[in-house]
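Me: I am new to this structure and would like to learn how to read it. Could you walk me through a few features?

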Amino acid sequence: MKANSINIKNKRASFDYEFIDTYTAGIVLTGTEIKSIRLGKASLVDTYCYFVQGELWVKNMHIAEYFYGSYNNHAARRERKLLLNKKELRNLQEAGKNPGFTIVPVRLFINEKGLAKLVIALAKGKKQYDKRESLKEKDDRREMDRMFKR
């Protein structure tokens with residue numbers, strides 16, 4: 001079987017947030033949703049996670065409608081349930097109650113068994129000066145790489 005190359009990232013999240021802890025969660029999907037993800041037709045822009053009655057849900061994740069789907073096709077931005085064990089859910093719920101902390105999706109991928117997984121992170125929002133600092137570090141790294149390649 002060929003190596004799966006589906007790896008959809010939320011690049012904005014690493015710029016806006018400082019990741020404290022990461023978890024890998026399963027997602028409850030319909031048939032046309034997993035087919036669209038396998039085609040790479042998904043986006044994590046502006047997504048976030050929240051708790052409802054002890055269950056973790058992801059909101060605003062865009063999975064494009066499957067081209068060959070008929071009346072069975074899914075809604076592109078519906079809310080989807082995330083699957084974690086009870087201990088992980090408890091830890092996330094406790095940490096998420098603290099002010100300034102949120103749960104953001106970081107990466108969507110398909111594992112070796114063919115299941116869609118979502119990497120989520122407990123994150124703390126960065127201040128404006130932190131964002132400027134991370135941009136400066138990125139530029140410095142790029143400049144150093146240029147100097148050594150010559």
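Predicted model: local features only at pLDDT ≥ 70, side-chain atom pairs only at ≥ 80, totals over all residues.

Me: Which residues of helix H3 are buried?

Reply: Helices (H or I, at least four residues) and strands (E, at least two) are DSSP runs, numbered from the N terminus. Buried means under 20% relative accessible area, exposed over 50%, and partly exposed in between (1.4 Å probe, protein chains only). In H3, residues 86-96, the buried ones are Leu89, Leu92 and Ala95. They fall within an arc of 140° seen down the helix axis, so they line one face of H3; the arc is taken from the directions from the axis to the C-beta atoms.

Me: Why would residues spaced like that point the same way?

Reply: An α-helix has 3.6 residues a turn, so residues three or four places apart point the same way. On the face of H3 turned away from the buried side sit the exposed Lys86, Lys87 and Arg90.

Me: What do the buried residues of H3 pack against?

Reply: Contact means heavy atoms within 4.5 Å. Their partners are E2, E4 (48-52), E5 (55-59), E8 (101-110) and E9 (116-125).

Me: Is Tyr23 buried or exposed?

Reply: Tyr23, in strand E2 (residues 17-27), counts as buried because its relative accessibility is 11%. Beyond its neighbours within four places in sequence, Tyr23 touches several residues, including Glu88, Leu92 and Val119.

Me: How many aromatic pairs are there?

Reply: Rings of Phe, Tyr and Trp (its six-membered ring) pair if their centres lie within 6.5 Å; planes under 30 degrees apart are stacked, over 60 edge-to-face, and the rest tilted. The whole structure has 1 such pair. Tyr48 and Tyr50 form it, tilted, with 6.3 Å centre to centre and 45° between the planes.

Me: Where does Glu33 sit?

Reply: Glu33 belongs to helix H2 (residues 31-38) and is buried, with a relative accessible area of 0%. A polar atom of the Glu33 side chain lies 2.8 Å from the backbone nitrogen of Thr30. Setting aside neighbours within four places in sequence, the contacts of Glu33 include His74, Arg78 and Arg80.

Methods
Residues numbered from 1 in each chain as written. Heavy atoms only, no water. Polar contact = N/O pair within 3.5 Å; in protein donor to acceptor, adjacent residues only side chain to side chain.
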